[in-house]
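Visitor: I am new to this structure and would like a close look at a single part of it. Could you take me to the surroundings of the ligand and show me what lies around there?

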Amino acid sequence: MSNSETTTSAGDRFPAGPPQGKTAPSGGSDVRAATSVGAPLVQAFDLAKTFDVSPPWLNRVLEGKPRLMLHAVDGVSFEIEKGKTLALVGESGCGKSTVARLLVGLYEPTRGGLTFDGQDAHAAFKTPRGRQLRRRIQMIFQDPYASLNPRWIVEDIVGEPLKEHGLITNEAELRARVGELLKSVGLSPLDMVKFPHQFSGGQRQRISIARALATEPEFLVCDEPTSALDVSVQAQVLNIMKDLQRERGLTYLFISHNLAVVRHVSDQVGVMYLGRLVELSDKQTLFANPKHPYTRMLLDAIPKMHDTGRARTPVQGEVPNPLSPPTGCTFHPRCPHVNDRCRAERPQLLSIQGVKIACHAVEEGRI
Ligand SMILES: Nc1ncnc2c1ncn2[C@@H]1O[C@H](COP(=O)(O)OP(=O)(O)OP(=O)(O)O)[C@@H](O)[C@H]1O
Ligand code: SF4
Ligand SMILES: [Mg+2]
(Lines give C-alpha, C1' and ligand atoms only; values in the text may rest on other atoms or scores of the structure.)
(Ligands and ions follow the chains in the order given, each with its own letter.)
Protein backbone atom coordinates (compact mmCIF):
# COMPACT_ATOMS: atom_id res chain seq x y z
CA MET A 1 0.00 0.00 0.00
CA SER A 2 1.30 3.37 -0.88
CA ASN A 3 -0.62 5.32 1.71
CA SER A 4 1.68 6.59 4.42
CA GLU A 5 -0.99 7.64 6.91
CA THR A 6 -0.27 6.01 10.25
CA THR A 7 -2.36 7.97 12.68
CA THR A 8 -6.03 8.77 12.97
CA SER A 9 -6.78 12.46 12.91
CA ALA A 10 -10.03 14.05 14.03
CA GLY A 11 -10.94 14.35 10.34
CA ASP A 12 -10.96 10.55 10.03
CA ARG A 13 -13.61 10.17 12.66
CA PHE A 14 -17.22 9.58 11.94
CA PRO A 15 -19.41 12.47 13.07
CA ALA A 16 -20.58 11.00 16.37
CA GLY A 17 -19.68 11.50 19.99
CA PRO A 18 -17.61 8.93 21.85
CA PRO A 19 -19.52 5.78 22.80
CA GLN A 20 -20.97 5.78 26.25
CA GLY A 21 -18.69 4.29 28.87
CA LYS A 22 -15.74 4.24 26.46
CA THR A 23 -12.43 3.75 28.21
CA ALA A 24 -8.96 3.19 26.87
CA PRO A 25 -7.94 -0.45 26.51
CA SER A 26 -5.44 -1.55 29.07
CA GLY A 27 -2.54 -3.96 28.96
CA GLY A 28 1.01 -3.55 27.70
CA SER A 29 0.49 -5.96 24.82
CA ASP A 30 -2.01 -3.58 23.24
CA VAL A 31 0.74 -1.64 21.53
CA ARG A 32 2.80 -4.59 20.42
CA ALA A 33 2.24 -4.17 16.70
CA ALA A 34 2.54 -0.40 16.66
CA THR A 35 6.28 -0.57 16.02
CA SER A 36 5.94 -2.78 12.97
CA VAL A 37 3.64 -0.65 10.84
CA GLY A 38 4.86 -0.65 7.23
CA ALA A 39 5.52 -4.26 6.15
CA PRO A 40 2.82 -6.31 4.37
CA LEU A 41 1.18 -8.59 6.89
CA VAL A 42 -1.25 -10.18 4.45
CA GLN A 43 -0.57 -11.08 0.84
CA ALA A 44 -3.20 -12.72 -1.35
CA PHE A 45 -1.96 -13.95 -4.71
CA ASP A 46 -4.25 -15.13 -7.50
CA LEU A 47 -6.80 -16.22 -4.90
CA ALA A 48 -9.68 -18.14 -6.48
CA LYS A 49 -12.71 -20.04 -5.23
CA THR A 50 -15.00 -22.06 -7.46
CA PHE A 51 -18.21 -23.63 -6.16
CA ASP A 52 -19.70 -26.70 -7.75
CA VAL A 53 -23.40 -25.78 -8.04
CA SER A 54 -24.31 -28.64 -10.40
CA PRO A 55 -27.73 -30.26 -10.20
CA PRO A 56 -27.72 -33.63 -8.39
CA TRP A 57 -26.01 -36.49 -10.25
CA LEU A 58 -29.31 -38.25 -11.06
CA ASN A 59 -30.78 -35.11 -12.70
CA ARG A 60 -27.64 -34.68 -14.72
CA VAL A 61 -27.83 -38.25 -15.98
CA LEU A 62 -31.61 -38.36 -16.61
CA GLU A 63 -32.09 -34.83 -17.91
CA GLY A 64 -28.68 -34.41 -19.53
CA LYS A 65 -27.91 -31.35 -17.43
CA PRO A 66 -24.26 -30.25 -17.40
CA ARG A 67 -22.02 -29.65 -14.42
CA LEU A 68 -22.18 -26.00 -13.25
CA MET A 69 -19.18 -24.28 -11.75
CA LEU A 70 -19.53 -20.84 -10.16
CA HIS A 71 -16.35 -18.76 -10.07
CA ALA A 72 -17.12 -16.71 -6.96
CA VAL A 73 -13.55 -15.38 -6.70
CA ASP A 74 -11.34 -15.58 -9.74
CA GLY A 75 -7.73 -14.50 -9.30
CA VAL A 76 -7.64 -11.79 -6.64
CA SER A 77 -4.26 -10.42 -5.51
CA PHE A 78 -3.54 -7.71 -2.94
CA GLU A 79 -1.43 -6.99 0.07
CA ILE A 80 -2.21 -5.22 3.31
CA GLU A 81 0.46 -3.54 5.40
CA LYS A 82 0.50 -3.99 9.14
CA GLY A 83 -1.74 -1.48 10.85
CA LYS A 84 -3.63 -0.55 7.67
CA THR A 85 -7.10 -1.17 6.26
CA LEU A 86 -7.99 -2.52 2.86
CA ALA A 87 -11.66 -2.05 2.05
CA LEU A 88 -13.41 -4.26 -0.48
CA VAL A 89 -16.43 -2.83 -2.25
CA GLY A 90 -18.73 -4.00 -5.01
CA GLU A 91 -22.34 -4.93 -5.62
CA SER A 92 -23.99 -7.94 -4.04
CA GLY A 93 -22.62 -11.27 -5.24
CA CYS A 94 -19.26 -9.96 -6.47
CA GLY A 95 -17.32 -12.25 -4.11
CA LYS A 96 -16.44 -10.06 -1.12
CA SER A 97 -17.57 -12.49 1.57
CA THR A 98 -15.92 -15.36 -0.26
CA VAL A 99 -12.60 -13.49 -0.13
CA ALA A 100 -13.19 -12.88 3.59
CA ARG A 101 -13.83 -16.56 4.21
CA LEU A 102 -10.74 -17.53 2.24
CA LEU A 103 -8.64 -15.17 4.37
CA VAL A 104 -9.71 -16.69 7.68
CA GLY A 105 -9.43 -20.29 6.44
CA LEU A 106 -13.17 -21.03 6.33
CA TYR A 107 -12.70 -21.89 2.64
CA GLU A 108 -9.82 -23.64 0.93
CA PRO A 109 -8.78 -21.78 -2.25
CA THR A 110 -9.35 -23.49 -5.59
CA ARG A 111 -6.28 -21.67 -6.89
CA GLY A 112 -3.70 -19.25 -5.56
CA GLY A 113 -2.95 -18.63 -1.94
CA LEU A 114 -2.38 -16.40 0.98
CA THR A 115 0.62 -15.55 3.09
CA PHE A 116 0.24 -14.18 6.59
CA ASP A 117 3.33 -12.69 8.20
CA GLY A 118 5.40 -14.46 5.56
CA GLN A 119 3.96 -17.96 6.04
CA ASP A 120 1.69 -19.92 3.71
CA ALA A 121 -1.57 -19.57 5.64
CA HIS A 122 -3.60 -22.36 4.03
CA ALA A 123 -0.76 -24.85 4.44
CA ALA A 124 -0.43 -23.79 8.09
CA PHE A 125 -4.19 -24.01 8.76
CA LYS A 126 -3.92 -27.80 8.18
CA THR A 127 -1.11 -28.33 10.68
CA PRO A 128 -0.90 -27.92 14.48
CA ARG A 129 0.60 -24.47 13.77
CA GLY A 130 -2.78 -23.56 12.26
CA ARG A 131 -4.24 -23.16 15.72
CA GLN A 132 -1.72 -20.46 16.52
CA LEU A 133 -2.46 -18.78 13.19
CA ARG A 134 -6.23 -18.84 13.76
CA ARG A 135 -5.59 -17.01 17.03
CA ARG A 136 -3.88 -14.22 15.08
CA ILE A 137 -6.65 -13.87 12.46
CA GLN A 138 -10.25 -13.24 13.54
CA MET A 139 -13.47 -12.38 11.75
CA ILE A 140 -16.37 -10.07 12.59
CA PHE A 141 -19.65 -10.85 10.84
CA GLN A 142 -22.49 -8.63 9.67
CA ASP A 143 -25.21 -9.89 11.97
CA PRO A 144 -24.04 -9.77 15.59
CA TYR A 145 -27.17 -11.53 16.81
CA ALA A 146 -26.68 -14.56 14.57
CA SER A 147 -22.99 -14.82 15.49
CA LEU A 148 -23.53 -14.72 19.28
CA ASN A 149 -24.88 -17.79 21.06
CA PRO A 150 -28.24 -16.62 22.54
CA ARG A 151 -28.04 -19.12 25.41
CA TRP A 152 -24.66 -17.95 26.69
CA ILE A 153 -23.99 -14.97 28.91
CA VAL A 154 -21.46 -12.42 27.65
CA GLU A 155 -18.74 -13.71 29.98
CA ASP A 156 -18.89 -17.11 28.27
CA ILE A 157 -19.16 -15.63 24.78
CA VAL A 158 -16.16 -13.31 25.11
CA GLY A 159 -14.18 -15.74 27.29
CA GLU A 160 -14.70 -18.77 25.05
CA PRO A 161 -11.78 -18.06 22.65
CA LEU A 162 -9.48 -17.55 25.65
CA LYS A 163 -10.43 -21.00 26.98
CA GLU A 164 -10.44 -22.59 23.54
CA HIS A 165 -6.88 -21.47 22.87
CA GLY A 166 -5.80 -22.28 26.44
CA LEU A 167 -4.75 -18.67 27.02
CA ILE A 168 -6.44 -18.38 30.43
CA THR A 169 -7.63 -21.25 32.63
CA ASN A 170 -8.09 -19.48 35.96
CA GLU A 171 -11.74 -18.30 36.36
CA ALA A 172 -10.91 -15.06 38.22
CA GLU A 173 -8.29 -14.12 35.63
CA LEU A 174 -10.77 -14.95 32.87
CA ARG A 175 -13.42 -12.66 34.35
CA ALA A 176 -10.88 -9.85 34.75
CA ARG A 177 -9.77 -10.22 31.12
CA VAL A 178 -13.37 -10.32 29.84
CA GLY A 179 -14.05 -7.16 31.86
CA GLU A 180 -11.04 -5.45 30.23
CA LEU A 181 -12.18 -6.51 26.79
CA LEU A 182 -15.69 -5.18 27.40
CA LYS A 183 -14.25 -1.86 28.58
CA SER A 184 -12.09 -1.63 25.47
CA VAL A 185 -15.24 -1.59 23.31
CA GLY A 186 -17.13 0.88 25.50
CA LEU A 187 -19.17 -1.64 27.51
CA SER A 188 -19.14 -2.20 31.26
CA PRO A 189 -17.63 -5.25 32.99
CA LEU A 190 -21.03 -5.52 34.70
CA ASP A 191 -22.48 -6.45 31.30
CA MET A 192 -20.77 -9.84 31.38
CA VAL A 193 -23.64 -11.49 33.27
CA LYS A 194 -26.22 -10.56 30.62
CA PHE A 195 -27.47 -12.46 27.59
CA PRO A 196 -27.16 -11.12 23.99
CA HIS A 197 -30.90 -10.32 23.75
CA GLN A 198 -30.49 -7.81 26.59
CA PHE A 199 -28.38 -5.53 24.36
CA SER A 200 -29.05 -3.22 21.42
CA GLY A 201 -27.72 -4.05 17.95
CA GLY A 202 -24.73 -1.73 18.33
CA GLN A 203 -23.88 -3.15 21.76
CA ARG A 204 -24.12 -6.68 20.39
CA GLN A 205 -21.66 -5.79 17.64
CA ARG A 206 -19.33 -4.42 20.34
CA ILE A 207 -19.58 -7.80 22.10
CA SER A 208 -18.61 -9.46 18.79
CA ILE A 209 -15.61 -7.15 18.53
CA ALA A 210 -14.60 -7.85 22.16
CA ARG A 211 -14.83 -11.58 21.44
CA ALA A 212 -12.76 -11.19 18.26
CA LEU A 213 -10.13 -9.26 20.24
CA ALA A 214 -9.91 -11.87 23.01
CA THR A 215 -7.06 -13.79 21.41
CA GLU A 216 -5.15 -10.56 20.73
CA PRO A 217 -5.33 -11.02 16.95
CA GLU A 218 -3.27 -8.93 14.54
CA PHE A 219 -5.61 -9.20 11.56
CA LEU A 220 -9.39 -8.66 11.66
CA VAL A 221 -11.55 -9.57 8.69
CA CYS A 222 -14.72 -7.50 9.00
CA ASP A 223 -17.58 -8.50 6.72
CA GLU A 224 -20.11 -5.64 6.67
CA PRO A 225 -19.68 -5.16 10.45
CA THR A 226 -21.94 -2.11 10.66
CA SER A 227 -24.43 -2.67 7.84
CA ALA A 228 -27.13 -3.94 10.19
CA LEU A 229 -26.87 -0.89 12.46
CA ASP A 230 -28.49 2.57 12.54
CA VAL A 231 -26.33 5.35 11.12
CA SER A 232 -25.46 6.95 14.50
CA VAL A 233 -24.68 3.57 16.03
CA GLN A 234 -22.62 2.66 12.96
CA ALA A 235 -20.50 5.74 13.60
CA GLN A 236 -19.83 4.73 17.22
CA VAL A 237 -18.80 1.21 16.25
CA LEU A 238 -16.59 2.48 13.42
CA ASN A 239 -14.89 4.95 15.74
CA ILE A 240 -14.24 2.17 18.26
CA MET A 241 -12.74 0.06 15.49
CA LYS A 242 -10.48 2.90 14.36
CA ASP A 243 -9.40 3.61 17.96
CA LEU A 244 -8.63 -0.08 18.51
CA GLN A 245 -6.65 -0.16 15.28
CA ARG A 246 -4.52 2.79 16.33
CA GLU A 247 -3.99 1.53 19.87
CA ARG A 248 -3.23 -2.09 18.97
CA GLY A 249 -1.72 -1.74 15.50
CA LEU A 250 -4.51 -3.92 14.06
CA THR A 251 -4.72 -4.69 10.37
CA TYR A 252 -8.19 -4.80 8.79
CA LEU A 253 -9.85 -6.17 5.72
CA PHE A 254 -13.09 -4.23 5.77
CA ILE A 255 -16.04 -5.13 3.56
CA SER A 256 -18.83 -2.63 3.09
CA HIS A 257 -21.53 -1.65 0.64
CA ASN A 258 -21.37 1.87 2.03
CA LEU A 259 -18.78 4.03 0.27
CA ALA A 260 -19.11 6.76 2.91
CA VAL A 261 -18.02 4.18 5.50
CA VAL A 262 -15.22 2.95 3.25
CA ARG A 263 -13.97 6.49 2.77
CA HIS A 264 -13.62 6.92 6.53
CA VAL A 265 -12.10 3.61 7.53
CA SER A 266 -9.83 2.57 4.66
CA ASP A 267 -6.28 3.26 3.56
CA GLN A 268 -6.63 1.30 0.34
CA VAL A 269 -9.75 0.31 -1.61
CA GLY A 270 -10.30 -2.70 -3.85
CA VAL A 271 -13.31 -2.60 -6.18
CA MET A 272 -14.62 -6.05 -7.10
CA TYR A 273 -16.82 -7.07 -10.01
CA LEU A 274 -17.92 -10.66 -10.64
CA GLY A 275 -15.13 -12.24 -8.60
CA ARG A 276 -12.26 -10.05 -9.80
CA LEU A 277 -10.60 -6.86 -8.68
CA VAL A 278 -11.15 -4.16 -11.30
CA GLU A 279 -9.47 -1.28 -9.46
CA LEU A 280 -7.09 -1.25 -6.50
CA SER A 281 -5.90 2.08 -5.27
CA ASP A 282 -5.17 4.17 -2.22
CA LYS A 283 -8.27 5.80 -0.82
CA GLN A 284 -7.50 9.41 -1.72
CA THR A 285 -6.74 8.61 -5.36
CA LEU A 286 -9.77 6.39 -5.75
CA PHE A 287 -12.23 8.94 -4.42
CA ALA A 288 -10.59 11.95 -6.10
CA ASN A 289 -9.91 10.31 -9.46
CA PRO A 290 -11.78 7.04 -9.97
CA LYS A 291 -10.62 5.47 -13.23
CA HIS A 292 -12.52 2.25 -13.86
CA PRO A 293 -16.00 2.83 -15.37
CA TYR A 294 -17.49 0.55 -12.69
CA THR A 295 -15.84 2.48 -9.86
CA ARG A 296 -17.15 5.70 -11.40
CA MET A 297 -20.62 4.22 -11.61
CA LEU A 298 -20.55 3.21 -7.94
CA LEU A 299 -19.34 6.64 -6.84
CA ASP A 300 -21.78 8.46 -9.12
CA ALA A 301 -24.61 6.75 -7.30
CA ILE A 302 -23.74 8.76 -4.20
CA PRO A 303 -24.61 12.46 -4.37
CA LYS A 304 -21.74 14.81 -3.47
CA MET A 305 -19.44 11.90 -2.68
CA HIS A 306 -16.91 13.18 -5.15
CA ASP A 307 -17.27 16.14 -7.44
CA THR A 308 -14.65 16.13 -10.14
CA GLY A 309 -16.65 18.18 -12.61
CA ARG A 310 -17.07 15.06 -14.77
CA ALA A 311 -20.59 14.21 -16.00
CA ARG A 312 -22.22 11.58 -13.79
CA THR A 313 -23.24 8.15 -15.08
CA PRO A 314 -26.01 6.70 -12.95
CA VAL A 315 -25.83 3.00 -12.05
CA GLN A 316 -27.12 1.08 -15.03
CA GLY A 317 -28.11 -2.53 -15.48
CA GLU A 318 -27.54 -5.39 -13.09
CA VAL A 319 -24.73 -7.75 -12.19
CA PRO A 320 -24.87 -10.60 -14.76
CA ASN A 321 -25.51 -14.21 -13.80
CA PRO A 322 -22.15 -15.50 -12.48
CA LEU A 323 -22.90 -18.92 -14.01
CA SER A 324 -22.80 -17.45 -17.53
CA PRO A 325 -20.61 -14.35 -17.30
CA PRO A 326 -20.26 -12.07 -20.33
CA THR A 327 -17.29 -12.63 -22.64
CA GLY A 328 -14.20 -10.43 -22.49
CA CYS A 329 -14.61 -7.73 -19.86
CA THR A 330 -17.50 -8.97 -17.70
CA PHE A 331 -18.57 -5.36 -17.16
CA HIS A 332 -19.01 -4.71 -20.89
CA PRO A 333 -22.86 -5.00 -21.09
CA ARG A 334 -23.11 -2.10 -18.61
CA CYS A 335 -20.16 0.00 -19.74
CA PRO A 336 -20.56 3.32 -21.59
CA HIS A 337 -17.02 2.94 -23.05
CA VAL A 338 -17.35 -0.58 -24.47
CA ASN A 339 -15.80 -1.48 -27.84
CA ASP A 340 -15.11 -4.70 -29.76
CA ARG A 341 -11.89 -5.43 -27.86
CA CYS A 342 -13.83 -5.21 -24.57
CA ARG A 343 -16.34 -7.81 -25.80
CA ALA A 344 -13.59 -10.22 -26.86
CA GLU A 345 -10.64 -9.81 -24.50
CA ARG A 346 -10.63 -9.91 -20.73
CA PRO A 347 -8.60 -6.97 -19.36
CA GLN A 348 -5.79 -7.79 -16.94
CA LEU A 349 -5.16 -5.83 -13.75
CA LEU A 350 -2.32 -3.51 -14.81
CA SER A 351 -0.43 -0.85 -12.88
CA ILE A 352 -1.26 2.43 -14.60
CA GLN A 353 0.05 5.64 -13.00
CA GLY A 354 0.38 3.94 -9.62
CA VAL A 355 -3.15 2.51 -9.63
CA LYS A 356 -4.10 -1.06 -10.49
CA ILE A 357 -6.83 -1.10 -13.15
CA ALA A 358 -8.39 -3.78 -15.33
CA CYS A 359 -9.82 -1.78 -18.23
CA HIS A 360 -8.88 -1.55 -21.91
CA ALA A 361 -10.16 2.01 -22.21
CA VAL A 362 -7.93 3.21 -19.37
CA GLU A 363 -4.96 1.27 -20.79
CA GLU A 364 -5.55 2.78 -24.26
CA GLY A 365 -5.98 6.29 -22.82
CA ARG A 366 -9.57 6.49 -24.15
CA ILE A 367 -10.85 7.60 -20.74
N1 LIG B 1 -21.16 -21.75 -0.47
C2 LIG B 1 -21.52 -21.35 -1.68
N3 LIG B 1 -21.96 -22.23 -2.62
C4 LIG B 1 -22.30 -21.82 -3.85
N5 LIG B 1 -22.21 -20.55 -4.27
C6 LIG B 1 -21.79 -19.62 -3.39
C7 LIG B 1 -21.42 -19.98 -2.06
N8 LIG B 1 -21.03 -18.84 -1.40
C9 LIG B 1 -21.15 -17.85 -2.29
N10 LIG B 1 -21.60 -18.31 -3.49
C11 LIG B 1 -21.84 -17.50 -4.70
O12 LIG B 1 -20.62 -16.83 -4.97
C13 LIG B 1 -20.88 -15.51 -5.42
C14 LIG B 1 -20.18 -14.54 -4.48
O15 LIG B 1 -20.85 -14.58 -3.21
P16 LIG B 1 -20.37 -13.69 -1.98
O17 LIG B 1 -21.22 -14.06 -0.82
O18 LIG B 1 -18.91 -13.82 -1.82
O19 LIG B 1 -20.73 -12.23 -2.50
P20 LIG B 1 -20.73 -10.86 -1.71
O21 LIG B 1 -19.95 -9.89 -2.56
O22 LIG B 1 -20.28 -11.04 -0.32
O23 LIG B 1 -22.25 -10.43 -1.76
P24 LIG B 1 -23.11 -9.61 -0.68
O25 LIG B 1 -22.71 -8.18 -0.88
O26 LIG B 1 -24.52 -9.87 -1.09
O27 LIG B 1 -22.78 -10.13 0.68
C28 LIG B 1 -22.38 -15.34 -5.46
O29 LIG B 1 -22.81 -15.57 -6.78
C30 LIG B 1 -22.88 -16.43 -4.53
O31 LIG B 1 -24.15 -16.88 -4.92
S1 SF4 C 1 -12.60 -2.99 -20.55
FE2 SF4 C 1 -14.06 -2.00 -21.89
S3 SF4 C 1 -16.07 -2.73 -21.17
FE4 SF4 C 1 -14.59 -3.16 -19.58
S5 SF4 C 1 -14.71 -1.44 -18.19
FE6 SF4 C 1 -13.07 -1.00 -19.64
S7 SF4 C 1 -14.02 0.13 -21.31
FE8 SF4 C 1 -15.66 -0.80 -20.14
MG1 LIG D 1 -21.22 -10.76 1.54
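Guide: Let's start with helix α2, which gives the most to the shell around ligand 1, with three residues. Keep in mind that this is a predicted model. In total, 13 residues surround ligand 1, and the closest are Phe51, Ala72, Ser92, Ser97 and Thr98. Two elements give two or more residues to this shell: β2 (69-81) and α2 (96-103). Sorted by class, the shell around ligand 1 holds six nonpolar residues, six polar ones and one charged residue.

Helix α2 lies across β3 (85-89), β6, β7, β8 and β9 (268-273), and its direction is at about 150° to β8. These strands belong to an open sheet of eight, with mixed pairing and the order β6-β7-β8-β3-β9-β10-β12-β11. At the edges stand β6 (137-140) and β11 (350-352); each has a single partner strand, so one side of each is left without a neighbour in the sheet. On average, neighbouring strands here are turned by 20° against each other, direction ignored.

Strand β7 (residues 219-223) pairs with strand β8 (residues 251-255) in the parallel sense, over five bridges.

Note on methods: Residues are numbered from 1 along each chain as its sequence is written. Chains are lettered from A and ligands numbered from 1 in the order in which they are written. This is a predicted model: local features need pLDDT of at least 70, side-chain atom pairs count only at pLDDT 80 or more; totals for chains, interfaces and linings use all residues. A residue is near a molecule or strand if its C-beta atom, placed from the backbone, lies within 6 Å of it. Helices (H or I, at least four residues) and strands (E, at least two) are DSSP runs, numbered from the N terminus. Ala, Val, Leu, Ile, Met, Phe, Trp, Tyr, Cys and Pro count as nonpolar, Asp, Glu, Lys and Arg as charged, and the others, Gly among them, as polar. Two strands pair if DSSP finds at least two bridges between them. Axes are lines fitted to C-alpha atoms, for helices over the stretch in contact, and angles run from 0 to 180 degrees between N-to-C directions. Two residues are in contact if their C-beta atoms, placed from the backbone, lie within 7 Å.
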